[in-house]
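This report describes how one protein chain is put together. Look at the structure first, then read on.

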Amino acid sequence: MQILITGAAGFIGSHLCERLLERGDRVIALDNFNDYYDPARKRENIHQLHNHPRCISCEADICDGETINRIFAEQRPETVVHLAAYGAVRYSIGRAKLYTDVNIGGSINLLEAAREIGVKNFVFASTSSVYGNTQRLPFVETDPCNQPLAPYPASKRAVELMGYTYHHLHGLNFTALRFFNVYGPRGRPDMMPFIVTDSIIKQREIGLFNGGQMQRDWTYIDDIVDGIIAALDKPVGYELINLGRGEPVLMTDFVQIIERLVGHKAMLSTPPTPLSEPKITFADIVKARRLLDYNPQTPLKTGLCRFWEWYQQEVMD
Ligand SMILES: NC(=O)c1ccc[n+]([C@@H]2O[C@H](COP(=O)([O-])OP(=O)(O)OC[C@H]3O[C@@H](n4cnc5c(N)ncnc54)[C@H](O)[C@@H]3O)[C@@H](O)[C@H]2O)c1
């Protein structure tokens, strides 16, 4: 299969590209290497793909509609996995325009290009943060998700809705996968596994909101990639599907696991909790199991151990 992946040089994208190439697909790896975090890290993530005979690298911005149309016309991808975005909930506060331009505007350029050439399946990276402060636990896809707590989840929810419109009007197969707190080797430097590990090593203070009494449903990268590939292989009309583990963990317990791996204590503080932060993320994965045969394999301790091995090899040296 000929698959276009946006955000291919990022954390999730680089793992996905590798797995698809391993199984024999052709990959068009698109990224603009923005500097939200060190672009050198992104180039490193995908450097081994450059000489792969079935991988084409495109350095392009999804906000540039003309270039996107040209790439689609020339490469004619059969399917699209759209991961490129500004992530990060808190960074989005005060940056609604940026998130609208990139996360919504860029996505619409891709939907248009996909419609134009008749892409068979469009898989979109959405987020658990669309659930906001919902009282319905675990988070289930039938929740209205109409009270996003920051521009980032609002932008993702907007694209989920636009995906429906493209499905309805143009027959595009569109699956939005709501990822829950993804972690693992190459994990983003702005996410807690990296921040906690790095702060312990560098003996810096770490802020835990609500005294660490927040719960997060951590999902290992390989499980997420399994879910993405299952969605890619199975056009389903229009669906919203959670990809989580279904086991929320208290932040204090999460920090303790990392402390044991690193062999040092963290220096903790308790800053005020921003309005953008829900107390819990907790995936109901019944739908993913049913539609995608999704079955997450990696417990948090195992996954963090692999993250720590990667950190020692790639970040500490
Ligand atoms: N990591 C998580 O826990 C998590 C959770 C929920 C949702 N997601 C979503 O999954 C996707 C991938 O996340 P990630 O953790 O791999 O993030 P990442 O930041 O590592 O990867 C995103 C990639 O997109 C690229 N990009 C950004 N804007 C672009 C543009 N305008 N044109 C082309 N490329 C652009 C970036 O350079 C980056 O390489 C994102 O859409 C994110 O919102 C991630």
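The model shown here is predicted. In strand β4, which covers residues 79-82, Thr 79 and Val 81 point one way, while Val 80 and His 82 point the other way. All of these residues are buried. In a regular strand the side chains alternate between the two faces of the sheet.

Strand β4 is joined to strand β1 (residues 2-6) by four bridges, and β1 and β4 run parallel. Within this pairing, Ile 3 has Thr 79 as its bridge partner in β4. Four bridges also link β4 to β5, again in the parallel sense. Here the partner of Thr 79 is Asn 121 in β5. Together, β4, α4 and β5 form a β-α-β unit that is right-handed.

## Strand β6

Which residues of β6 point one way, and which the other? Phe 174, Ala 176 and Arg 178 point one way, and Thr 175, Leu 177 and Phe 179 point the other way. All of them are buried. Because six of the six residues of strand β6 (residues 174-179) are buried, this strand is largely enclosed by the rest of the structure.

Strand β5, made of residues 121-127, pairs with β6 over six bridges in the parallel sense. Val 123 stands opposite Thr 175 of β6. Between β5 and β6 the chain passes through helix α5 (residues 151-170), in a β-α-β crossover that is right-handed. Strand β6 is also joined by six bridges to strand β11 (residues 238-243), and β6 and β11 run parallel. Thr 175 has Glu 239 as its bridge partner in β11.

## Ser 128

Ser 128 lies in the loop between β5 and α5. Is this residue buried or exposed? A residue counts as buried if 20 or more other C-beta atoms lie within 10 Å of its own. Ser 128 has 25 C-beta neighbours inside 10 Å, so it counts as buried.

Leaving aside neighbours within four places in sequence, the residues in contact with Ser 128 include Phe 139, Asp 217, Thr 281 and Ala 283. Arg 178 and Phe 179 are also among its contacts, and both of these belong to the buried residues of β6. Ser 128 and Gly 244 are 116 residues apart in sequence, but their C-alpha atoms are 8.4 Å apart in space.

## Around the ligand

The shell around the ligand has 27 residues, of which Gly 7, Gly 10, Ala 84, Ala 85 and Val 182 come nearest. By type, the shell divides into 13 nonpolar, ten polar and four charged residues.

Helices α1 (11-22) and α4 (96-117) and strand β5 each supply at least two residues of this shell. The largest share, three residues, comes from α1.

## The whole chain

The protein chain contains ten helices and 13 strands. Its C-alpha atoms fill a box of roughly 55 × 45 × 40 Å along the principal axes. A compact globule of 317 residues would have a radius of gyration near 20 Å, and the protein chain, with 19 Å, agrees with this.

Of the 317 residues, 44% count as buried. Among contacts between residues at least 6 apart in sequence, 82% join residues at least 24 apart.

How values were computed: Residues are numbered from 1 along each chain as its sequence is written. This is a predicted model: local features need pLDDT of at least 70, side-chain atom pairs count only at pLDDT 80 or more; totals for chains, interfaces and linings use all residues. The radius of gyration is taken over C-alpha atoms; the globule rule is 2.2 Å times the number of residues to the power 0.38. A residue is buried if 20 or more other C-beta atoms lie within 10 Å of its own, exposed if 12 or fewer, and partly exposed in between; C-beta atoms are placed from the backbone. Two residues are in contact if their C-beta atoms, placed from the backbone, lie within 7 Å. Two strands pair if DSSP finds at least two bridges between them. A crossover is right-handed if, with the strands pointing away from the viewer, the path from the first strand over the helix to the second runs clockwise. A residue is near a molecule or strand if its C-beta atom, placed from the backbone, lies within 6 Å of it. Ala, Val, Leu, Ile, Met, Phe, Trp, Tyr, Cys and Pro count as nonpolar, Asp, Glu, Lys and Arg as charged, and the others, Gly among them, as polar.
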